[in-house]
Structures are given as C-alpha cells and as structure tokens.
Amino acid sequence: PGDTYCRRCLLWRRFKHSTKYFHCSICQRCVAEFDHHCSVFGRCIGGTLLSRTGNYKFFVTIVAMGIAGYLTSIVSLVWSVSLR
C-alpha cells in the first residue's frame, strides 16, 4: 500500500488505510469514500456518517429534516381536520 494514481485525473492520491477514492463521471473529480452523485445538490456525496471528512453526514441531516418536515405537516393537517 502506498499512493494511488487516478488515470482520469492524472493525479496521485495519498493513501490512508481505510480511505477509498472513486472518480465521479459527472463531476470529473476523485472523491474520497464516494457514495453517489446527487443531482438535486449538484455535487458528489462522500464520506461516512461518523467521519470528520466528507459531506455525507450533512446529506443525511438534510434528508432527515425533510422527512421530519413532511411528517410534521401531515400531523398538523390531520389535527386541524379533526378539530372541525
């Protein structure tokens, strides 16, 4: 194990014992711990939920807040209909 070379970026990447790099075909960039390319945000989502690097934890937080907002609106709608 040493440095890794991306044939598409033509760059050497420093090898960290658990970090894997993946080249995104949409962004044309190497992303550490690549998960997916999000077309809504227009960027790659990478990292892990508990790591200090990457934006995966922010993506999960945004999705969870969207679900919480959806559930809150459903509950308030049911509650307001039941008061009539």
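Which element gives the largest share of the lining of the largest pocket? Strand E4 does, with four residues. The model is predicted; local features need pLDDT of at least 70, side-chain atom pairs count only at pLDDT 80 or more, and totals for chains, interfaces and linings use all residues. Residues are numbered from 1 along each chain as its sequence is written, and side-chain values use heavy atoms, with hydrogens and water left out.

Select Arg29, Cys30, Val31, Cys44 and Asn55. Of the 13 residues that line the largest pocket, these are the closest to its centre. The volume of this pocket is about 230 Å³. A pocket is an open set of points on a 1 Å grid over the protein atoms alone, where a 1.4 Å probe fits, with protein on both sides within 12 Å along at least five of seven lines; lining residues have an atom within 4 Å of a point. Grid points are joined across faces, edges and corners, and the volume is the space filled by probe spheres set on the points. E4 and E6 are the elements that give two or more residues to the lining. By class, the lining holds five nonpolar, five polar and three charged residues; Asp, Glu, Lys and Arg count as charged, Ala, Val, Leu, Ile, Met, Phe, Trp, Tyr, Cys and Pro as nonpolar, and the others, Gly among them, as polar.

**The hairpin**

Next, select residues 21–24 and 29–32, which are strands E3 and E4. Strands are DSSP runs (E, at least two residues) and helices likewise (H or I, at least four), numbered from the N terminus. E3 and E4 pair in the antiparallel sense over four bridges, where pairing requires at least two DSSP bridges. Phe22 stands opposite Val31 in E4. Four residues separate the strands of this hairpin, and Gln28 in the turn has a positive phi of about 60°.

**The cysteines**

Cys6 is buried, at 12% relative accessibility; buried means under 20% relative accessible area, exposed over 50%, and partly exposed in between (1.4 Å probe, protein chains only).
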